Amino acid sequence: MNIAFFEVEEWEKPIIQKALKGHTVSFFSAPLTKSNAAKIKNYDILSVFIYSKVNKDIIAQLPKLRFIATRSTGFDHIDMDTCKAKGIKVANVPTYGENTVAEHTFALILSLTRKIHKSYERTIRGDFTLEGLRGFDLKGKTIGVIGTGNIGRHVIRIANGFEMNTLAYDVRQDAKFARQMGFKYVPLANLLANSDIITLHVPYLKATHHLINRDNINKIKKGSILINTARGGLVETEALVIALDKGILAGAGLDVLEEEFFIKEETQLLSKQFPETCDLKTLLQNHILLKRDNVLITPHNAFNSNEALLRILETTLDNIAAFSKKKPINIVAN
Ligand code: NAI
């Protein structure tokens with residue numbers, strides 16, 4: 001079969017070539033676009049990451065395409081209706097990084113509680129003073145975990161290692177896991193009122209849009225820290241700014257932001273051709289957050305470890321092998 005990989009990095013090529021011996025494999029470091037799609041018009045299988053927008057126009061240029069293996073969990077960058085209509089199967093990587101994202105969560109927590117980011121800024125200037133760098137222990141503190149799925153569960157395991165107490169909130173409760181790990185499920189308001197650290201691990205859905213908002217931010221225990229490694233839209237940015245201003249929150253660690261795409265693409269906002277609409281107020285509030293020294297922002301990087309990327313690649317190669325043997329796995333459509 002002819003198989004094309006887009007958005008591929010150098011280290012991935014030998015692994016892919018070895019696994020797909022006997023197939024014709026082409027590599028492209030760029031995302032798939034309308035202008036480079038012609039190069040793969042006779043290809044049967046396509047593998048992309050999230051920056052390739054596999055839309056109707058592109059699919060129309062690929063008459064032989066039968067299978068798309070996305071190297072991600074999400075597949076909203078692929079036009080699933082067109083794939084369905086054309087009989088193209090799509091497979092994803094359902095899980096790859098529960099420990100990876102949980103570890104990044106604790107990287108943010110520890111950076112804030114021990115003021116690592118502020119310490120680093122100071123010592124690279126040759127300043128070794130301690131004033132303003134006093135932190136607090138995690139041992140004995142309460143962590144509120146919102147969402148006890150794959151990532152949230154791993155956060156709870158790590159929290160137990162630090163001898164923290166855990167409160168959890170989820171629409172689906174796992175009583176057995178709670179017993180095993182020694183934590184309690186509580187209503188959201190109770191979690192907000194009693195946690196020293198609040199961490200979000202729910203998907204972004206209509207039901208979770210602005211889960212932390214202007215109405216409930218006042219219920220948060222004064223001096224708590226909020227961590228968001230899930231999706232920006234879970235937190236109403238304005239509420240976050242207010243909570244930090246009022247000292248309700250002592251800090252925030254954010255791997256994701258509302259409108260985070262636009263913070264990367266700001267120069268394009270002024271261009272007439274820019275097709276997207278964007279909430280400029282939120283963008284401005286993101287800049288306010290960026291400037292605060294008790295807010296630590298990472299660029300949607302929680303998934304980005306060597307091991308997680310290798311797991312993504314291995315699952316993708318398994319997905320392609322299974323499809324070639326007519327026994328597809330991890331199919332998300334059709
Ligand atoms: P999961 O599906 O295993 O767990 C999600 C949990 O949220 C489930 O227990 C579910 O019952 C709960 N939930 C769903 N709707 C809810 C609601 N309305 N209220 C309360 N609880 C609700 O997901 P997983 O793998 O733990 O990932 C969580 C999120 O982390 C993902 O949806 C994704 O947005 C984010 N993520 C971020 C990454 C990054 O690089 N920053 C990388 C991977 C995931």
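For the classifications below, Ala, Val, Leu, Ile, Met, Phe, Trp, Tyr, Cys and Pro count as nonpolar, Asp, Glu, Lys and Arg as charged, and the others, Gly among them, as polar. The model is predicted.

**Exercise 1.** Determine which residues line the largest cavity, and classify them.

*Solution.* Step 2: the volume of the largest cavity is about 60 Å³. Step 3: its lining consists of Asn 228, Gly 232, Val 235, Thr 237, Leu 240, Leu 254, Val 256, Leu 257, Glu 258, Asn 286 and Leu 289. Step 4: at least two lining residues come from each of α9 (237-246) and α11 (280-291). Step 5: by class, the lining comprises six nonpolar, four polar and one charged residue.

**Exercise 2.** Describe how helix α4 is placed against helix α6, and identify the residues that make the contact.

*Solution.* Step 1: the axes of α4 (residues 98-113) and α6 (residues 150-161) come within 8 Å and cross at roughly 55°. Step 3: the crossing of α4 past α6 is right-handed. Step 4: α4 contributes Glu 98, Asn 99, Val 101, Ala 102, Glu 103, Thr 105 and Phe 106 to the contact, and α6 contributes Asn 150, Ile 151, His 154, Val 155, Ile 158 and Ala 159. Step 5: the contact residues of α4 and α6 divide into seven nonpolar, four polar and two charged.

Conventions:
Residues numbered from 1 in each chain as written. Predicted model: local features only at pLDDT ≥ 70, side-chain atom pairs only at ≥ 80, totals over all residues. Heavy atoms only, no water. Axes fitted to C-alpha atoms, helices over the stretch in contact; angles between N-to-C directions. Helix = DSSP H or I, 4+ residues; strand = E, 2+ residues; numbered from the N terminus. Left-handed = near helix turned anticlockwise from the far one by under 90°. Contact = heavy atoms within 4.5 Å. 1 Å grid on protein atoms, 1.4 Å probe; cavity = no way out; pocket = protein on both sides within 12 Å on 5 of 7 lines; lining within 4 Å. Points joined across faces, edges and corners; volume = space filled by probe spheres on them.
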